[in-house]
Amino acid sequence: MTTSHETTPRPPHQVLDGTDIARVVTRIAHEIVERAKGAEDVVLLGIHTRGVHLARRLQGRLAQITGREIPLGTLDITMYRDDLRLKPARALEHTEIPPGGIDGKLVILVDDVLFSGRTIRAALDALSDIGRPRAVQLAVLVDRGHRELPIRADYVGKNLPTSLREAVQVRLSDSDGVDAVLVGDRDYAARSSQALAPKPSEHLPE
């Protein structure tokens with residue numbers, strides 16, 4: 001006999017709020033300065049979409065710490081994804097490289113959630129078409145595990161163990177009106193009238 005808790009999807013619960021996210025961004029900024037010995041040749045590249053918002057916040061924190069503006073760019077990896085034919089068509093975003101370029105620089109890719117690693121693999125492919133950095137590092141707000149490729153983050157805001165039946169939702173005030181990270185069963189919104197707010201960033205099993 002199946003019990004109710006086995007059939008009823010678990011609603012999302014918040015694991016990070018706005019204060020937590022601000023603290024995480026500040027900590028990662030300090031870690032970058034320490035590891036990069038002042039971040040003199042660092043270039044931040046935010047992966048669309050929420051990675052761009054996080055990269056801008058990191059840039060602001062780094063400016064406060066170092067007293068100078070760290071170059072910031074954006075990276076669209078849509079055409080480099082290995083599941084492009086399996087998912088609905090999506091509009092291309094804008095890739096913007098800072099005026100000084102990335103050749104010989106320490107490029108730090110910034111994204112919201114690290115999951116299978118396929119997004120980062122696509123980002124590395126996109127990066128190779130743009131220039132040749134001296135090194136590439138990765139900063140993420142959340143690492144939820146379940147890697148399919150040998151990729152790891154150099155800077156992690158929060159390690160968040162999850163099951164494959166769960167969805168991690170990142171909301172940022174820049175695009176969603178509020179800062180929060182939530183975890184819940186991935187089919188909760190479809191099976192419950194208490195659906196989540198529209199268009200949060202969802203990381204489901206790939």
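## Exercises: helix packing and a parallel sheet

Helix H2 (residues 18-35) packs on H3 with the axes 9 Å apart and an angle of about 60°. Helices here are DSSP runs of H or I, at least four residues, and strands are runs of E, at least two, numbered from the N terminus. Axes are lines fitted to C-alpha atoms, for helices over the stretch in contact; angles run from 0 to 180 degrees between N-to-C directions. The model is predicted: local features need pLDDT of at least 70, side-chain atom pairs pLDDT 80 or more, while totals for chains, interfaces and linings use all residues. Residues are numbered from 1 along each chain, and side-chain values use heavy atoms, without hydrogens and water.

**Exercise 1.** Give the strand order of the five-stranded sheet and find its edges.

*Solution.* 
- The order is E3-E2-E4-E5-E6, in an open sheet with parallel pairing. Two strands pair if DSSP finds at least two bridges between them.
- Strand E3 (72-75) and strand E6 (155-159) each have a single partner strand, so one side of each lacks a neighbour in the sheet.

**Exercise 2.** Describe how E5 joins E6.

*Solution.* 
- Strand E5 (residues 135-143) runs parallel to E6, with four bridges.
- Ala139 has Tyr155 of E6 as its bridge partner.
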